Amino acid sequence: MNTVIIKNIFRSTTTLCMRSQKSINTAAACIVKRDFHTTKPTQDLMEFFDAKKNWPETNIRVGRAWKLDELRLKSNTDLHKLWYVLLKERNMLYTMEHECNERVRLFPNPERIDKVEESMNNIESVIRERNIAYYKLETGETGERPVKDVINLIGMPEKYQPSEYDTPKFMNTRWVRPYLKHGFINSLAVKKFRRLYNEKIHSEVRKAHNRDFNHVQHLLKRFPNLDMDTLKAEYPNVDIEKAKRTKKSRGHFMPTY
Amino acid sequence: MRIYGYLAKKVGDLTIKYSNFPESYVKKSYEQVYWKTPAGYPQYKKAQVARKKYRFTTNRPWTGQFRQQNEPGTLRKKVFVEPIRDWTFFRGDRVEVMVGKDKGKQGIVSQVIQERNWVIVEGLNTHLRVVGKDKNFPGITIQSEAPLLVTSDVKLVDPESLKATDVEWRYTEEGDKVRVSLASSRIIPIPKTAEETIDYKSKELYIDNIEKDTTADAATKITFAPKLRTFEMDIMEEMGIKEDRVPAKSYWY
């Protein structure tokens, strides 16, 4: 019986708008109304589509996504149910979007998809948090798939995700040992690649620094009442004292700084 | 190769709050990605060729007019925006105009455009523009407000003395961050209209969509009881699923 009631509450609920204390009366009325839900939930393929009365609408008003803190209050059963409610809503939204594109119509409120995605990502984060807490308490490791930072054959940092096997490493003849054993290959081609790649990165860093320095000079030139602390916070890599001494940063005013 | 982080600090917080859209949607709505490296190929690093420089205007970033003004291929001169750490102006604030022909007059802020440090005050700093002028038609004259710079053109008004003052953010004894006028040390509260968004004028006035929305009560109700179970174990217990099989030993490498 309990599950049925909870199902009713979550049946068509996906998103929420936080309201103040004043709204409790109206909220209570809503719950009552939901128990006497007038639109029949169709148990067929039409659930892939929105309710027919929403089809001609150009603006379907829907609340915001579920926040992490709100989801942390919920039990695992509630999260489990909410996930499927959101999944169905997501499928419905994608179906409607596809249909609207097919018929060259405007799909109303496409931000609904983003809200559902955000809610689902948040649910996943909360569930992962809870599982990691359990595993760390009981075993000392997170129960998730291990990720190792390795340097691959061409010297680039990579995240290696070990796979699951039924035989141990020394017995497994079919497993091709990747870069884990060999590491960085010391060949002419790899060295050339590293040289060019490092040059590229160095060039990007230098250009970004020059860009920021130039920008700071222009800001100093244009804004006489610039706050140095704010500037330092926005552009931490720029030597502001050096920028102040340049000709480009001189504005048509007496500097107060 | 353009880096993703570039789009991160473009749109102001207040713009996203006003839109009532998720941040990812706002970014998607105005970004112009011309090409992306194909996904699912480990040999191609994640990169994209996208537009980096946008001209932010009085049109909001998710509108069609913004897209028209920032059409692919349009290059505009760079606009320098003074970096401000704590934003002090909100919708519904009473401000005094310090420059222009409406100098000295006080008005209420109707729009805040954080990307340009702009504030549009109702009825002040206006100009007339003629729309739809034809050979036979004289055109419609519209009085439209011009934006004012937050740093120099506009100042907040002290609530009791009704004079323009400089404002600082300070903490009260309770720990709330408030705006304090430097001339009289009076607190200038953030107006109620500041919480207005496109969807609702204030949070109390929002009417839930009964079919789609969860009410505040249902959402804040605590159903979580900490148990020494994983998510999967908890669900299995609730649903009465029994799993007696012991998984075979596996090796990860």
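This is a predicted model: local features need pLDDT of at least 70, side-chain atom pairs count only at pLDDT 80 or more; totals for chains, interfaces and linings use all residues.
Over all chains, the structure holds 30 salt bridges. One of them links the side chains of A:Lys53 and B:Glu211, with a distance of 3.1 Å from N to O. This pair joins two chains, because A:Lys53 is placed in the loop between α2 (24-35) and α3 (68-72) of chain A, while B:Glu211 is placed in the loop between β13 (187-188) and β14 (213-214) of chain B. A:Lys53 has a relative accessibility of 47% and therefore counts as partly exposed.

A further salt bridge is found within chain A, between A:Glu144 and A:Arg128, whose closest N and O atoms are 2.7 Å apart. A:Arg128 belongs to helix α5 of chain A, and A:Glu144 to the loop between α5 (111-138) and β2 (148-151), so the pair ties together parts that are 16 residues apart in sequence. Both partners fall into the partly exposed class: the relative accessibility is 29% for A:Glu144 and 40% for A:Arg128.

In chain B, the side chains of B:Asp234 and B:Lys227 also meet in a salt bridge, at 3.0 Å from N to O. B:Lys227, in contrast, is partly exposed, with a relative accessible area of 40%. Elsewhere, salt bridges that share partners join A:Asp50, A:Glu89, A:Arg112 and B:Lys212 into one network.

A:Thr95 is located in helix α4 of chain A, which comprises residues 76-102. When residues up to four places away in sequence are not counted, A:Thr95 touches A:Phe48 and A:Phe49. A:Thr95 and A:Ile151 are 56 residues apart along the chain, and their C-alpha atoms are separated by 43 Å.

Finally, the surface of chain A carries a nonpolar patch formed by A:Leu153, A:Ile154, A:Ile185 and A:Phe193. Together, these residues have about 280 Å² of accessible area. Among them, A:Leu153 lies in the loop between β2 and β3 (157-160) of chain A. A:Leu153 counts as partly exposed, because its relative accessibility of 34% falls between the limits of 20% and 50%.

Definitions and conventions. Residues are numbered from 1 along each chain as its sequence is written. Chains are lettered from A and ligands numbered from 1 in the order in which they are written. Side-chain values use heavy atoms; hydrogens and water are left out. A salt bridge is a side-chain nitrogen of Lys or Arg within 4 Å of a carboxyl oxygen of Asp or Glu. Helices (H or I, at least four residues) and strands (E, at least two) are DSSP runs, numbered from the N terminus. Buried means under 20% relative accessible area, exposed over 50%, partly exposed in between (1.4 Å probe, protein chains only). Contact means heavy atoms within 4.5 Å. Patches are made of residues with over 30% relative accessible area and no salt bridge: like charges are joined within 9 Å, nonpolar side chains (Val, Leu, Ile, Met, Phe, Trp, Tyr) within 5 Å. Accessible areas come from the Shrake-Rupley method with a 1.4 Å probe; for residues, only the protein chains shown count as cover.
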